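Colleague: I have a file open and would like to go through it with you. Can we put it on the screen and start?

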Amino acid sequence: MLEDIGSRSAGPSTPTREEEDLIIENALKKDPIATVVKAGGIDLNVRSLKRLRGQGWLFGDTVEGYFRMFADVNKTVGVLSSYLWIQLSMGGPERAMARNRKSIKNVRGKELVLIPIHLNVGSHWIMVAVYLNKHEIH
């Protein structure tokens, strides 16, 4: 595994761009189900990360993992599950709340909440940004 993203700190030991490229290339040569990066409690495996190249379709865990990496670095940001919208649209608010209670608790007190949503139209994703302090949705 590369590292736990939330524990990375900048400093003299920060790798150069070339060193980072080499680390990534070596990680992508591993077993497709091997965990490469742990981001916000989500394990991103080789297969998921390879989908970022070219025209590959992204899985919900890959999109959510990147959002959670951002939230790990910026503590004013929270992320809700990429499955929240599916659960809301198929099962209603009660079912969505029951399945996402922990995720919802984790966004209390945040300034910005990011919600990745899969549109189910040709593999398109959108991001909803909720600015809690400003009472705005973008």
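Colleague: How do β2 and β3 pair, and over how many bridges?
Modeller: They are antiparallel, with four bridges between them. Strands here are DSSP runs of E, at least two residues long, and helices are runs of H or I of at least four residues, both numbered from the N terminus. Two strands count as paired if DSSP finds at least two bridges between them.

Colleague: Before we go on, what kind of model is this?
Modeller: It is a predicted model, in which local features need pLDDT of at least 70 and side-chain atom pairs count only at pLDDT 80 or more, while totals for chains, interfaces and linings use all residues. Residues are numbered from 1 along each chain as its sequence is written, and side-chain values use heavy atoms, with hydrogens and water left out.

Colleague: Back to the hairpin. How many residues sit between β2 and β3?
Modeller: Two residues lie between these strands, and G40 in the turn has a positive phi of about 55 degrees.

Colleague: Which residue stands opposite V37?
Modeller: That is L44, in β3.

Colleague: Is L44 buried or exposed?
Modeller: L44 counts as buried, because its relative accessibility is 0%. Buried means under 20% relative accessible area, exposed means over 50%, and partly exposed is in between, using a 1.4 Å probe and protein chains only.

Colleague: What does L44 touch?
Modeller: Leaving out residues up to four places away in sequence, L44 touches A34, T35, V36, V37, L49, D61, T62, G65, Y66 and M69. A contact means heavy atoms within 4.5 Å.

Colleague: D61 is on that list. How far apart are the C-alpha atoms of L44 and D61?
Modeller: They are separated by 7.2 Å, and the two residues are 17 residues apart along the chain.

Colleague: And T62, where is that?
Modeller: T62 lies in helix α3, residues 60-73. T62 counts as buried because its relative accessibility is 1%. Besides L44, T62 touches S48 and L52, again not counting residues up to four places away in sequence.

Colleague: Which residues make up the largest nonpolar core?
Modeller: There are 10 of them: A27, L28, V36, V37, A39, I42, L44, V46, L49 and M69. A nonpolar core is a set of buried Ala, Val, Leu, Ile, Met, Phe, Trp, Tyr and Cys residues joined through side-chain atoms within 4.5 Å.

Colleague: Which elements give two or more residues to this core?
Modeller: Those are β2 (35-39), β3 (42-45) and α2 (46-50). β2 gives the most, with three residues. Another core lies apart from this one and has nine residues, including L80, L84, A96 and I117.

Colleague: Changing topic: what is the order of strands in the open sheet?
Modeller: The order is β4-β5-β6-β7, four strands with mixed pairing. β4 (77-79) and β7 stand at the edges with a single partner strand each, so one side of each has no neighbour in the sheet.

Colleague: How many bridges join β5 to β6?
Modeller: Seven, and these strands run antiparallel; β5 covers residues 112-118. L114 stands opposite A129 in β6, and L112 stands opposite Y131 in β6.

Colleague: Which residue is the bridge partner of Y131 in β7?
Modeller: It is E136. β6 and β7 are joined by two bridges and run antiparallel.

Colleague: What lies over the face of Y131?
Modeller: K134 does, at 5.3 Å from the ring centre. A charge sits over a ring if NZ of Lys or CZ of Arg is within 6 Å of the ring centre and within 35 degrees of the ring normal.

Colleague: Which residue in the hairpin of β6 and β7 takes a positive phi?
Modeller: H135, with phi near 60 degrees; the hairpin has four residues between the strands. H135 is a residue other than glycine. H135 counts as exposed because its relative accessibility is 73%.

Colleague: Last one, the whole protein. How many helices and strands?
Modeller: Five helices and seven strands, running β-α-β-β-α-α-β-α-α-β-β-β from the N terminus. The protein has 138 residues, of which 33% count as buried.
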